[in-house]
Amino acid sequence: MSIRPPLTPLIEALPATVPFVGPEAQQRDSGRAFRARMGANESSYGPSPRVIARMEEVARDMWMYCDPDNHDLRVALAAHLGIGKDNVVIGEGIDGLLSLAVRMYVSPGDAVVTSLGAYPTFNFHVAGVGGRLVPVPYENDRESLDGLLEAVKREKAPLVYLSNPDNPMGTWWETDELIRFMDALPETTMLILDEAYGETAPASALPPVQVNRLNLLRMRTFSKAYGLAGIRCGYAFADAEVIANVEKIRNHYGVSRMAQIAGLEALADQPYLASVVARVAAARDRISAIARDNGLSPIPSATNFVTIDCGRDADFAMRVMQNLLARDVFIRKPMAPVLNRCIRVSVGLDHEIDIFGEELPRALADAAKG
């Protein structure tokens with residue numbers, strides 16, 4: 001009888017699961033391609049043309065390893081943010097950076113506070129180090145700042161996670177409320193402020209860039225408005241000592257040469273970014289209008305998706321999503337209690353929004369049959 005090398009008790013106890021089932025897996029299962037890919041909060045508009053041109057130009061150089069210091073991109077981001085290079089770290093998207101932050105601040109058994117239904121990959125990383133999740137229900141479809149703060153203090157949590165704007169609801173808090181929350185946090189609690197959708201948010205939702213809060217770690221990405229989701233490049237900025245500690249454990253060859261070059265070129269083309277933000281806003285308006293035309297209630301959004309209240313229970317919303325998937329329209333939905341009455345529709349190209357508009361009434365009619 002063969003004997004396997006034993007796993008650690010922590011890994012042995014974890015369920016065999018992943019945070020998301022990707023659209024590719026769903027297409028393999030169905031044997032059909034999606035006609036409208038509106039579920040993963042990507043940018044269908046893609047990156048700047050100058051990014052594509054630069055990537056084509058440097059493709060022949062990909063036999064070389066990346067610069068493990070990410071020097072040029074760090075310098076450019078520091079200049080863009082108005083801070084020092086030592087206040088910036090690059091990672092494999094925000095997901096990679098979340099993993100590092102959890103490893104830095106969470107020991108087995110530690111309480112980690114997040115919102116019930118918030119970004120599930122964060123929870124995945126917490127489970128991976130043996131942290132104990134303390135989920136706080138949303139309040140009026142927004143992450144509850146007061147609820148998060150109360151849980152942090154009650155549990156003496158070393159780490160709290162907040163996304164602003166929020167995924168999966170698309171809602172946001174204004175700067176004055178965020179600063180009130182930060183000021184009230186214990187100095188011993190690190191706040192991860194996930195600003196993946198910062199570029200599509202109103203300026204009033206983004207606190208001034210400062211690196212003098214020792215318990216604040218802000219994260220942003222090139223995956224959303226910059227149109228580079230597939231290249232896996234994100235960044236965090238904070239107090240220099242916080243960043244130096246991230247540097248101790250990050251995968252120094254994890255951000256490819258192509259990702260660094262693409263990020264650098266994308267950052268340089270701010271006019272293109274502005275054009276994408278405008279297109280996202282227009283597409284959100286179209287999706288919201290389609291929802292209202294079908295008797296549904298779109299939730300105001302500062303992201304590149306619209307979350308739609310289906311007006312009934314979770315089972316009905318699930319049927320709506322499944323009916324759209326069966327019609328080859330890829331969307332997703334929140335799964336946590338209360339939020340699960342909704343579906344979530346990412347901004348797509350014009351023809352994809354047309355398809356969504358055609359198929360939604362049919363999906364709703366079939367869902368109503370039970």
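**Strands, crossovers and a buried glutamate**

Pro298 has Ile308 of strand E10 as its bridge partner. That pairing comes from a predicted model, and it belongs to an open sheet of 3 strands, ordered E9-E10-E12. Elsewhere in the chain there are parallel strand pairs, among them E3 with E4 and E5 with E6. There's also Glu143, a buried residue without a salt bridge.

**The open sheet**

- Pairing in the E9-E10-E12 sheet is antiparallel.
- Strand E9 (297-298) and strand E12 (342-346) sit at the edges with a single partner strand each, so each has one side left without a neighbour in the sheet.
- E9 is joined to strand E10 (residues 305-309) by 2 bridges, and these two run antiparallel.

**E3 to E4**

- Strand E3 (residues 111-115) pairs with strand E4 (residues 132-136) in the parallel sense, with 5 bridges between them.
- To get from E3 to E4, the chain passes through helix H6 (residues 120-128), and this β-α-β crossover is right-handed.
- If you want a spot to look at in this pair, find Ser115, which stands opposite Val136 in E4.

**Glu143**

- You'll find Glu143 in the loop between E4 and helix H7 (145-155).
- What is the nearest side chain of opposite charge to Glu143? That would be Arg142, and it's 10 Å away.
- Glu143 does have a polar partner: its side chain makes a polar contact with the side chain of Ser163, at 2.8 Å.
- Leaving aside neighbours within four places in sequence, Glu143 is in contact with several residues, including Ser115, Tyr138, Tyr161, Asp166 and Trp173.
- Ser115, one of those contacts, is the residue that stands opposite Val136.

- Is strand E6 (residues 190-194) made up of buried or exposed residues? Buried: 5 of its 5 residues are, so the strand is largely enclosed by the rest of the structure.
- Met190, Ile192 and Asp194 point one way from E6, while Leu191 and Leu193 point the other way.
- Strand E5 (residues 159-163) pairs with E6 in the parallel sense over 5 bridges, and Leu159 stands opposite Met190 there.

Technical notes
Residues are numbered from 1 along each chain as its sequence is written. This is a predicted model: local features need pLDDT of at least 70, side-chain atom pairs count only at pLDDT 80 or more; totals for chains, interfaces and linings use all residues. Side-chain values use heavy atoms; hydrogens and water are left out. Two strands pair if DSSP finds at least two bridges between them. Helices (H or I, at least four residues) and strands (E, at least two) are DSSP runs, numbered from the N terminus. A crossover is right-handed if, with the strands pointing away from the viewer, the path from the first strand over the helix to the second runs clockwise. Buried means under 20% relative accessible area, exposed over 50%, partly exposed in between (1.4 Å probe, protein chains only). Lys and Arg count as positive and Asp and Glu as negative; His and the chain ends are not counted. A salt bridge is a side-chain nitrogen of Lys or Arg within 4 Å of a carboxyl oxygen of Asp or Glu. A polar contact is a pair of N or O atoms within 3.5 Å; within protein, one must be able to donate a hydrogen and the other to accept it, and residues adjacent in sequence count only if both atoms are side-chain atoms. Contact means heavy atoms within 4.5 Å.
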